[in-house]
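Welcome, and thanks for taking a look at this one with us.

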Amino acid sequence: MLVALLRTLWRLSSQEVHDWLCAWPVLALACGLPLSADGRPRVPSRAQQSKRLRAAGAPPSEMLFVLVVRAGLWMGMTRGRDLIIDSAPILAWRRSDPDAAHGHAPAHHPRPLLLGYRVHTLLCRGTGLPLLFQLTRANVHDAPFARPLLELAVRLFGLRPRVVRLDAGYWGLKLIAWIHMVLGALAVLPWNPKRQKKRDGLPPTWTAADLDRRRVGQTHEH
């Protein structure tokens with residue numbers, strides 16, 4: 001994985017990585033490569049690198065990120081009990097970027113639309129450290145990414161959050177019910193008086209009792 005990460009960071013081909021590691025044994029040993037019978041590191045060939053990358057399944061940079069987060073949880077750097085889900089725009093490097101799209105800019109930005117991408121991030125509120133993220137085009141709505149991020153974080157890291165704080169863009173009754181009933185956490189959303197009618201006057205901090213009362217009311221209506 002470290003060899004693949006070096007290739008990505010240094011923008012090298014598989015053959016160039018092989019040549020670098022052969023010429024720099026200290027780097028090869030730092031990457032965890034074993035020694036051969038002649039005492040030199042056993043550097044994988046170009047074909048072997050490609051085979052191992054296909055077997056790994058995920059890009060090396062993403063795999064390293066997951067391992068770092070797991071190490072942080074294991075060492076107690078973060079516990080992931082109080083989580084935040086939010087998104088932020090990332091400007092495209094070039095206007096001709098074929099994968100970028102125009103999306104709404106933050107309120108403080110002078111332009112209403114920005115060309116680029118949007119990163120949806122799951123953060124630990126206590127430490128401010130990112131636990132998981134997903135990158136999309138800038139014109140994608142926030143709401144569909146909250147539950148997948150939480151589900152994947154639970155599977156990868158075994159998180160048991162107590163509080164999940166979400167931006168108003170992630171609003172959704174099904175998502176809030178899932179956070180309460182499945183995760184056993186408290187969903188906290190900002191209060192917007194202009195949208196009070198759409199939320200039926202319920203407070204920004206939802207509890208299981210709030211959801212039960214709403215279900216009872218819907219049942220009587222039907």
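## The cavity and its lining

In this predicted model, the largest cavity is lined by L6, R7, W10, L12, V17, W20, L21 and L27. That lining divides into seven nonpolar residues, no polar ones and one charged. R7 is the charged member, because Arg counts as charged.

Helices α1 (2-10) and α2 (14-23) each supply at least two residues of this lining. The volume of the largest cavity is about 40 Å³, and a search of the whole structure finds one cavity of 30 Å³ or more.

## A tilted tryptophan pair

How many aromatic pairs does a search of the whole structure find? There are two. W20 and W24 form a tilted one, with 6.1 Å centre to centre and 45 degrees between the planes. W20 also belongs to the lining of the largest cavity.

## An edge-to-face phenylalanine pair

F65 and F133 make up an edge-to-face pair, 5.2 Å centre to centre with 85 degrees between the planes. This pair links distant parts of the chain: F65 lies in helix α5 (residues 60-75) and F133 in strand β4 (residues 130-137), 68 residues apart.

F65 is partly exposed, with a relative accessible area of 22%; buried would require under 20%. F133 is also partly exposed, at 40%.

Technical notes: Residues are numbered from 1 along each chain as its sequence is written. This is a predicted model: local features need pLDDT of at least 70, side-chain atom pairs count only at pLDDT 80 or more; totals for chains, interfaces and linings use all residues. Side-chain values use heavy atoms; hydrogens and water are left out. Rings of Phe, Tyr and Trp (its six-membered ring) pair if their centres lie within 6.5 Å; planes under 30 degrees apart count as stacked, over 60 as edge-to-face and the rest as tilted. Helices (H or I, at least four residues) and strands (E, at least two) are DSSP runs, numbered from the N terminus. Buried means under 20% relative accessible area, exposed over 50%, partly exposed in between (1.4 Å probe, protein chains only). On a 1 Å grid over the protein atoms alone, a cavity is a set of points where a 1.4 Å probe fits but cannot get out, and a pocket is an open set with protein on both sides within 12 Å along at least five of seven lines; lining residues have an atom within 4 Å of a point. Grid points are joined across faces, edges and corners, and a volume is the space filled by probe spheres set on the points.
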